[in-house]
Structures are given as C-alpha cells and as structure tokens.
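Q: Hi! I've got a structure open here and I'd like to walk through it with you. Can we start with the charged side chains?

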Amino acid sequence: MIRLDRLTKAFGSVTAVDGVTMDVPSGAVCVLLGPSGCGKTTTMKMINRLITPTSGKIFIDGRDTSTLDAVTLRRSIGYVIQQIGLFPNKTIEDNICVVPDLLGWDRKKSRKRAAELLELVNLDPSVFLRRYPKELSGGQQQRVGVVRALAADPPVLLMDEPFGAIDPINREVIQDEFMKLQAELKKTVVFVSHDIDEAVKMASHIAIFRDGKLIQFDKPDHILANPIDNFVADFVGGDRTLKRLRLVKVADAMQVAPVSVVAGDSLETAVARMEANNHTTIVMVGPRGRARGFLHLNDIRGKGGVVGDHVETLPGLINVNDDLRNAVSAMFSHGVTWLACVDDEGFYKGYVTQRGISQLLGASYRE
Amino acid sequence: MTTSSSPASSYTSIVSSLALVALGAWAASSGLLGTILSYREDILYLAGQHLMLVAYSSALALAIGLPLGIALTRKPLRYHADAITQVINLGTTIPTLAVLALAMSFLGIGAPSAIFGLTVLTLLPIVLNTIAGLSMVPRYLVEAATGMGMTDRQILFRVELPNALFVILAGVRTAIAINVGTAPLAFLVGGGGLGELIFTGIDLMDTSMLLAGAIPTAMLAIVADFAIGQCQYWLIPRGVNPLR
Amino acid sequence: MGTFQFIGENLPLIWTRTLEHIWLVGISIVIAICTGVPIGILITRSRALADRVLYVAAAVMTIPSIALFGLLIPVLSKIGQGIGFLPAVIALVIYAQLPIIRNTYTAIMNVDPSLREAAVGMGMTFLQRLRHVELPIALPVIINGVRNAVVLNIAVAAIATYIGAGGLGTFISRGISQTDPRQLLTGAIAVSVLAIVADFSLLALRRYLTSPGLRTNP
C-alpha cells in the first residue's frame with residue numbers, strides 16, 4: 001500500500017533520514033518508533049510532502065507520489081497532529097468538514113457524515129456539532145481531530161504522536177476507541193510515537209529508527225522477542241518479555257478442551273479424572289458448561305459423596321479474549337498458579353498456568 | 001503600545017526617514033535651501049522654545065505619571081485596575097487638538113495652557129503603561145519575594161519595577177512621541193515653538209518658511225524617538241530586556 | 001452657558017462639519033486598509049522585510065502631523081493640490097499604515113503554528129489558509145489596528161483644517177483666531193465625541209465579526 005524506496009532527506013550537512021526502505025501493507029497500523037531526532041517524524045512528513053525528500057521515492061497504491069500535486073496528495077491523506085490543530089474559528093462540524101469542503105463535496109452529505117463519524121467516537125452529534133473547539137476537553141478535541149482526518153474517507157492516515165498530549169487515563173480510552181474504529185475502517189495508518197507501550201498496543205508493524213536509519217521493521221512480537229541489536233533491545237526495555245504478555249491472547253496460550261465434572265458426579269469419578277490427566281485440581285461446570293467451581297485432589301481423596309457438596313468457589317476467571325498480562329496479573333493478585341478461562345457467555349473453555357505461559361514466552365526465544 | 005527595535009534597525013529607520021525628509025526638501029527645489037537657511041535665527045530661537053515646552057511638559061508628566069501609575073496598582077486601587085485603565089483609555093481617545101483647545105478655553109492663551117495640554121497628553125500613556133507593566137509582573141515573583149521576607153517597598157523597587165521597566169519605558173517612548181508630535185500645535189494656543197513657522201508659512205503660502213519649521217520639527221521627533229529607543233536598549237538590564 | 005446655546009443654534013453646521021470629518025477619515029481608512037492589510041500579510045513571508053517595513057512605518061509616524069502636512073504642501077503644489085482635501089487624505093493614509101500593518105503582521109504571526117501545519121497537512125493552498133484559518137483568527141487584532149488608526153486619524157483630521165480640509169477642526173481654529181471659547185469648546189467636544197463613538201462602534205464591530213469560537217467571554 002505504502003512503499004518507501006531508499007527515502008533520504010538531508011538538511012544541509014545533516015542527514016535526517018538515510019535510505020529508508022519499507023513496505024506498509026494495506027490495513028496495517030505501522031508505528032514509527034525511536035528517540036527524538038531519529039528521523040521518524042521527518043519520514044512521516046515526507047509521505048504527505050510537508051517535507052520534500054532529497055532522494056528516493058514514495059509509492060501509495062503503486063503510484064509515485066512525486067508525480068502528484070502536493071495539495072491534491074494531502075487531501076487524499078488523513079493527517080492528525082499532537083497539537084490537534086482544530087481551527088478555533090470554526091464549529092466542530094465545520095472543522096470535520098474542512099477537507100470535504102476543500103474537495104467541493106455536497107455540503108449536506110458531508111455534514112451527515114460528520115455526524116456519523118462523531119457517533120463512532122462516542123460523541124453525541126446533537127451536542128457537539130455546533131460547539132467550538134474551546135468548549136471541548138482535550139480528549140474530546142483529539143477525538144474530533146481523528147474524525148476530521150477521516151472525514152473525506154482517505155485510504156491512508158498519518159498520525160504524529162496523536163495521543164501524546166493527553167493524560168494517561170484518557171489516552172488508554174482513546175487508544176482503545178481508535179483500535180475499534182480501525183478494526184472497522186481498516187485504513188493504512190502510519191503512526192509516529194516515542195512510546196514503546198503505545199506501539200506494542202496499537203501496531204501491527206513497528207519500524208524502529210535511529211539516527212535517520214531504519215534499524216528494524218517487523219511485527220511487534222518479533223521485535224520484542226528478537227531485537228536485532230542492543231540498541232533495539234535497550235529501546236524496547238528490559239521488561240520486553242512482560243510487554244509481550246500484552247500481545248498474546250489467553251485463547252492462544254490456554255490448554256483447550258479440558259476435562260471437567262458436574263455437580264452430580266461422585267468424588268471417585270473426579271479423583272479418577274484428575275489422576276488420569278495428571279492434574280491436582282478439576283473444574284466443576286454447570287449443566288450447560290459454565291464454570292461453577294473447582295475441587296482439589298488432596299481435599300477429596302478417599303472421601304465419599306458427590307462433587308456438588310465439596311466444591312469450592314473459583315478464585316478467579318479470565319476471559320479468553322483478554323491478553324496474558326491480565327491473566328498473569330490475576331494470578332498474582334489471587335495467589336494462584338492457574339486460571340480457568342471462559343468465553344463471553346461464561347462457558348468453560350480451558351485453563352492457563354504460570355508454567356505454560358513461561359514455556360510459551362521461552363519457546364520463541366529459542367527459535 | 002510597545003514598540004521594539006534593535007539599534008541596527010533603528011539606524012535603517014533613521015536613514016530612511018532622513019532620506020524622506022531630504023526628498024521633501026529636494027522636491028521643493030534646491031534653491032529653497034538658501035531661503036530656508038535665512039530663517040536660521042528664527043529656527044534657533046523657536047527650537048529653543050519648542051524644546052522648553054517639550055522638556056517641561058515631559059518632566060511634569062513623568063513626575064506625575066510614574067508615581068500615579070504605581071499608586072493605582074497598590075492595594076486598595078489594584079482591584080479596580082481594569083476600570084481605571086478603561087477610563088484612561090477613553091482619555092487617550094480624545095484628539096490632541098481638542099485637549100489643547102480645552103486647556104486654552106480654561107487657562108486662556110499662552111504658554112501655561114500649552115504646557116498643561118501637553119502634560120495631560122503625555123501623562124496618559126505613561127500611567128497606562130506603568131499600570132500594564134506592573135500588573136504583568138508574574139504573581140509568583142511577588143509571592144517568592146514576600147516569602148523571602150521583603151517589605152512591600154523592597155518588593156516594589158527590587159522586584160516589580162525592574163521587571164516592569166521595559167513596558168514602562170515603552171510607554172514613555174510612546175508618550176514622548178505624542179508630546180513631540182503635538183508640540184508644534186502649541187503655537188496655536190500661544191505657546192510658541194517651531195509651529196509658528198509652519199502655521200505662518202501655510203497662511204502666507206510661503207513654502208520656505210513652512211519647511212523651515214517642518215523639517216526641524218520632523219528631525220526633532222525622529223531624534224527624540226531614537227534617543228529613547230537607545231535608552232530602552234541600554235538602560236534595561238539584559239535579563240528583563242526582550243531587545244537584547 | 002453660551003456654549004450650549006451656540007451648539008443649539010448651530011446644529012446643522014456641526015452636522016455638516018461632522019460629515020466632512022467622517023468623509024475625510026473614512027476614505028483615508030478605506031484606502032489604508034486596502035494597502036495596509038495586504039502589506040501586513042506580505043511581510044509575514046520574510047522576517048527581514050517585516051523588520052524594515054515596520055521600522056520605516058514607525059519612523060514616519062513619529063513625524064508630527066502638521067510637519068508632514070508642511071512637507072507635503074510643496075510636493076503637491078506641483079500638481080496644484082498643495083492644500084485642501086488631497087494632502088489631508090494622503091497624510092491620513094500614511095499615518096494609518098503603521099497600526100494596520102503592524103497589527104495584521106503580528107496577528108498572523110501569532111496564529112498557532114500547529115494550526116498552520118494542520119491546514120497545510122490537510123491540503124490547503126496559501127490563499128485557502130488565509131481565508132479559512134489565518135484571517136478569521138487574526139481579525140480581532142486587525143480590527144484593533146483599524147481602531148487605533150481611526151482614532152489617530154480623527155485627531156489628525158482635526159489639525160487638517162489648517163491646510164483647508166474642513167471638518168470639525170474648523171470650530172477649533174475659528175475659536176482660537178476669534179478667541180471665542182464657545183466655538184473652541186464646541187469643536188473640542190464634538191471631535192472628542194466623534195473619536196469615542198468611532199472607537200466604541202469599531203469595538204462592537206469587532207465583537208460582531210469575531211467567530212464565537214474565538215471570543216474570550218461568550
């Protein structure tokens with residue numbers, strides 16, 4: 001979708017961007033990451049030609065952008081900046097419709113779309129369309145900033161540290177909203193950040209820059225698991241393994257199709273099932289398969305009766321769609337070494353263990 | 001109103017303005033120069049009068065305006081600073097000729113009404129900028145000074161005034177420009193000065209007499225502005241001087 | 001009071017003089033806006049040029065108005081317009097330049113650079129940026145410049161009566177030459193009222209023309 005070919009920018013004797021070549025596939029969220037002055041912002045600004053490359057080419061959908069008029073090019077690319085840059089003299093509605101208006105689109109149509117887009121970011125159009133930027137909080141303004149970039153439905157979105165100026169709590173919320181939006185709209189996004197956590201959370205691809213050079217370009221998990229050199233390893237941080245926990249879903253780490261018992265089973269049956277699978281605990285499910293409680297081998301060995309009379313409550317449950325970070329966190333907070341995993345309906349789907357997680361993370365290091 | 005300039009650009013402006021003045025003189029044909037110079041004695045005498053008017057009224061305005069501006073920002077009055085500023089602003093809207101005319105209608109014809117009118121005109125921008133400069137001093141500086149145990153007097157002289165000096169001097173510059181610009185009108189109310197040559201020259205349609213008054217007046221204004229610009233540049237400590 | 005009686009008896013004349021005054025100031029302000037605003041915009045593109053233009057404008061403004069009239073008379077006499085309406089208008093246009101150029105320049109330079117970046121990034125051309133972003137945001141400050149210029153020009157126009165341009169200054173000049181305090185006060189009051197009314201009208205115009213999104217107290 002976006003291809004940079006030996007892209008270079010020199011300011012006088014300083015080479016800000018040095019022979020960068022990369023391919024951002026359609027629908028990807030590519031985060032350009034690196035310390036300040038590494039050339040990531042310059043690289044991004046060359047895509048909509050706010051900065052003209054010294055040499056090298058940029059292709060969007062196979063078309064060499066240097067053959068296009070800069071103004072036309074920019075109108076076909078959404079642009080979000082850290083300072084947001086909403087025009088204070090225009091209402092939210094007119095701000096959102098800036099590019100559609102520049103393109104001469106039908107006013108009614110673009111106003112209608114503005115309202116739809118606002119709803120996508122949980123801002124009530126009947127409240128916000130007529131307001132002015134100063135009447136919105138920082139977080140609301142940045143949502144409008146994102147929406148404004150999407151108004152003309154550009155296939156490509158450039159974002160320059162868009163959530164950098166927002167307080168940490170709101171930042172998480174807006175990041176989540178943006179991910180939801182992106183899942184629906186599937187734009188090709190180039191996103192500048194200096195925050196590795198943000199990158200790990202949002203990116204499908206991460207490009208790490210240093211002194212104008214592209215050091216490593218890969219999927220987030222690969223970069224965390226196999227940093228190409230010490231610089232990347234330092235940059236992603238000593239806790240990179242913990243960061244990877246974020247990237248793995250519980251569903252991908254759990255033991256599936258586990259054995260279970262129901263309330264009416266006898267304790268002998270339960271013991272037999274545990275011993276057959278070499279387990280010390282077993283989960284009791286309801287009649288339709290919802291996780292209800294558990295039994296410990298040591299507590300029931302040699303006793304008689306049914307499961308329902310001896311069952312204990314589960315210390316914690318984890319949703320299969322959660323990431324491993326939450327799973328590990330739940331394990332530590334409940335002081336247990338395993339968790340039962342359930343789907344959105346509460347049906348018992350499997351379990352994760354501390355040992356299983358460390359094996360999974362360890363495995364990719366040995367690859 | 002604040003005007004900013006560095007010495008280098010002041011030179012450019014001086015050169016270009018002198019060029020303009022020279023152009024006016026040249027356009028009136030070179031033969032005029034001799035005639036203009038024949039007014040030398042008048043020019044010197046009236047320029048002396050002119051300078052006295054400017055000096056007296058400016059000195060009076062400074063002597064009244066600075067303490068007044070400071071007083072208006074002290075405790076009981078400070079809370080009304082906005083209202084006071086608005087009233088003074090209204091005062092600066094009144095045309096210069098009207099101020100002189102009003103002065104004359106009360107004090108009669110002569111130097112006192114000229115000096116009184118010029119003083120009032122000069123006073124207002126000085127008071128205005130003194131208030132503005134003092135209220136622009138960050139509150140935390142005053143708080144820090146109070147915390148260190150300074151008395152109100154020490155705070156005023158060691159913290160507030162030095163930090164407000166730039167804005168205050170900018171006001172003085174504007175005020176003196178207004179003063180020098182209005183001084184020629186003093187002749188109309190019987191105060192004398194170079195205006196005598198200009199107005200008489202216009203009445204008699206005598207170009208050389210007119211220029212004999214206009215050229216020195218213009219030069220005086222430019223030189224006075226330049227001199228205060230230099231004071232602004234050199235007198236204000238570098239830490240609080242945006243020009244350096 | 002003789003003055004009030006004088007005002008009462010001469011209302012039509014005062015009205016005529018006021019219209020003369022407004023006409024003189026109005027036409028010169030319109031010309032000054034047509035030159036000053038484009039110059040103010042133009043010099044935002046070069047810092048060095050801006051410095052020069054602003055210093056020359058400031059230096060010219062320090063020249064006393066009556067001296068400027070004096071300097072213009074011999075020049076314009078060559079085309080037979082030494083005194084009267086034309087030299088007055090020219091002087092007023094010259095005086096109005098500085099506040100208008102300076103405020104236009106400052107206001108546009110003070111527009112948040114991130115707004116400019118956003119505008120360019122979204123594909124606005126130079127003229128679209130001016131129209132949609134920079135001028136609307138700069139407008140209140142530009143109007144303040146025009147206010148300064150108008151108040152200043154009302155004062156200078158009063159002096160222009162001495163080069164035969166008419167206006168409310170005429171009452172003052174007659175009052176002085178005939179030592180008639182009634183005319184003197186009438187002229188002084190009328191021209192002051194005109195200046196104050198003009199100032200407030202432009203203040204109201206500024207509020208009216210400023211986007212609600214830019215007003216400090218809505």
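A: Happy to! The side chains of Lys213(A) and Asp18(A) meet in a salt bridge, with 3.0 Å from N to O. Keep in mind that this is a predicted model.

Q: Where in the chain do Lys213(A) and Asp18(A) sit?

A: They come from distant parts of the chain, 195 residues apart. Lys213(A) belongs to strand β10 (residues 213-218) of chain A, and Asp18(A) to strand β2 (residues 14-24) of chain A.

Q: Why does Arg173(B) count as buried?

A: Because its relative accessible area is 7%, and buried means under 20%. Asp225(B) counts as buried too, at 17%.

Q: Which residues are joined into a network by salt bridges that share partners?

A: Asp94(A), Asp101(A) and Arg111(A) are joined into one network that way.

Q: What about Asp5(A), which residue does it form a salt bridge with?

A: With Arg6(A), and the closest N and O atoms are 3.3 Å apart. Asp5(A) counts as buried at 18% relative accessibility, whereas Arg6(A) is exposed at 55%.

Q: Nice. Switching to sheets: what is the order of the strands in the open sheet of three in chain A?

A: The order is β12-β13-β14, and the pairing is mixed. The edge strands are β12 (260-261) and β14 (291-296) of chain A, each of which pairs on one side only.

Q: How many bridges join β13(A) to β14(A)?

A: Five, and the two strands run antiparallel. Strand β13 covers residues 281-285 of chain A. If you want a spot to look at, Ile282(A) stands opposite Leu295(A) in β14(A).

Q: Which helix lies across those strands?

A: Helix α14 (residues 267-277) of chain A lies across β12, β13 and β14 of chain A. It runs at about 130° to β13(A).

Q: While we're on chain A, how many helices and strands are there?

A: Chain A has 18 helices and 17 strands. Its C-alpha atoms fill a box of roughly 80 × 50 × 35 Å along the principal axes.

Q: And how much of chain A is buried?

A: Of its 367 residues, 52% count as buried. Chain A exposes about 16,800 Å², and carbon and sulfur atoms supply 48% of that area.

Q: Which pair of chains shares the most contacts?

A: Chains B and C do, out of two pairs of chains in contact. Chain A and chain B do not touch, and their nearest C-alpha atoms are 25 Å apart.

Q: Let's look at chain C. How many residues of helix α8(C) are buried?

A: Seven of its nine residues, so to speak a mostly covered helix, spanning residues 169-177 of chain C. Among the buried ones are Phe171(C), Ile172(C) and Ile176(C).

Q: What covers the buried residues of α8(C)?

A: The cover includes α6 (96-107) of chain B, along with α1 (2-9), α2 (11-42), α7 (126-159) and α9 (181-209) of chain C. Just after α8(C), Thr179(C) takes a positive phi of about 35°.

Q: Last topic, chain B. Where does UniProt place the feature "transmembrane region"?

A: The unreviewed UniProt entry places it at residues 51-72, 84-109, 115-142, 163-189 and 209-228 of chain B.

Conventions. Residues numbered from 1 in each chain as written. Chains lettered and ligands numbered in written order. Predicted model: local features only at pLDDT ≥ 70, side-chain atom pairs only at ≥ 80, totals over all residues. Heavy atoms only, no water. Salt bridge = Lys/Arg side-chain N within 4 Å of Asp/Glu carboxyl O. Buried < 20%, exposed > 50% of the residue type's maximum accessible area, 1.4 Å probe, protein only. Helix = DSSP H or I, 4+ residues; strand = E, 2+ residues; numbered from the N terminus. Pairing = 2+ DSSP bridges. Contact = heavy atoms within 4.5 Å. Axes fitted to C-alpha atoms, helices over the stretch in contact; angles between N-to-C directions. UniProt positions renumbered as here; feature names shortened; annotations may be inferred. Areas by Shrake-Rupley, 256 points an atom, 1.4 Å probe, with all protein chains shown as cover.
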